[in-house]
Amino acid sequence: MRRAIYPGTFDPITVGHMDIVRRACNIFDEIIIAVAESKSKQPMFALEERIAFAEAATREFSKVRVIGFENLLVNLSAELEANIIIRGLRAVSDFEYELQMGYANASLKKDLETIYLMPSLEHAFVSSSVVRTILHFGGRVEHLLPPAVYKMITPEGE
């Protein structure tokens, strides 16, 4: 079985993340969305909320399961018996950070591979930080979030 981990803070999960999930489902037998606690990033949403968002957004994907985690990704990959990490790359600015993280993970676990997927061009600008900024100022985000997540974040679909 080809099992892959798609880790991130997912604060919140966006249509860009979902684009990566759809692509990964065409490649792997199982995708584990691993929602990181990430206290150092001071997420807008609690871990439990972010897990619930990811579960709601991926309900239609039989290959996907969602978990939360608070440890090193290499330790999680050993626990889950998954040696493939999926990461999304939107722009050159993402590449340097992701490359460093991929190398760091590989230095800790030699058989851990990182696969980088690019979102569709229409989603290339979408990030959780963009969504959080727009939410903070009361702007429209329904086109940036999966419909189930939008309903959870904005009660009554405001």
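Reader: Where is Phe 10 found?

Author: In this predicted model, Phe 10 sits in the loop between E1 and H1.

Reader: Why is Phe 10 called buried?

Author: Its relative accessibility is 3%. Buried means under 20%, so Phe 10 counts as buried.

Reader: What is the phi of Phe 10?

Author: Phi is about 50°, a positive value, although Phe 10 is not a glycine. Most residues other than glycine have a negative phi.

Reader: Which other residue has a positive phi near 50°, and where is it found?

Author: Gln 42, also not a glycine, has a phi near 50°. Gln 42 belongs to the loop between strand E2 (30-36) and helix H2 (47-57).

Reader: Why does Gln 42 count as exposed?

Author: The relative accessibility of Gln 42 is 70%. Exposed means over 50%, so Gln 42 counts as exposed.

Reader: What makes the peptide bond between Asp 11 and Pro 12 cis?

Author: Omega of the bond that joins Asp 11 and Pro 12 is about 0°. Most peptide bonds are trans. Pro 12 lies in the loop between strand E1 (3-8) and helix H1 (15-25).

Reader: How do you know that the span of helix H4 agrees with its number of residues?

Author: Helix H4 (residues 92-108) has 17 residues, and at 1.5 Å a residue it should span 24 Å. The expected span takes one less than the number of residues. The end C-alpha atoms of H4 are 25 Å apart, which agrees.

Reader: Which residues of H4 are buried, and why are they said to line one face of the helix?

Author: The buried residues are Asp 94, Glu 98, Gly 102 and Asn 105. Seen down the axis of H4, they fall within an arc of 65°, so they line one face.

Reader: What covers the buried residues of H4, and which exposed residues are on the face turned away?

Author: The cover includes helix H3 (73-80), strand E4 (84-88) and strand E5 (113-117). On the face turned away from the buried side are the exposed residues Val 92, Ser 93, Glu 96, Gln 100 and Tyr 103.

Reader: What is the order of the strands in the open sheet, and what makes two of them edge strands?

Author: The five strands have the order E3-E2-E1-E4-E5, with parallel pairing. Strand E3 (64-69) and E5 each pair on one side only, and these are the edge strands. From one strand to the next, the twist averages 30°.

Reader: How many bridges join E1 and E2?

Author: E1 and E2 pair in the parallel sense over six bridges. Two strands pair if there are at least two bridges, so E1 and E2 count as paired. Arg 3 stands opposite Glu 30 in E2.

Definitions and conventions
Residues numbered from 1 in each chain as written. Predicted model: local features only at pLDDT ≥ 70, side-chain atom pairs only at ≥ 80, totals over all residues. Heavy atoms only, no water. Helix = DSSP H or I, 4+ residues; strand = E, 2+ residues; numbered from the N terminus. Buried < 20%, exposed > 50% of the residue type's maximum accessible area, 1.4 Å probe, protein only. Arc of directions from axis to C-beta. Contact = heavy atoms within 4.5 Å. Axes fitted to C-alpha atoms, helices over the stretch in contact; angles between N-to-C directions.
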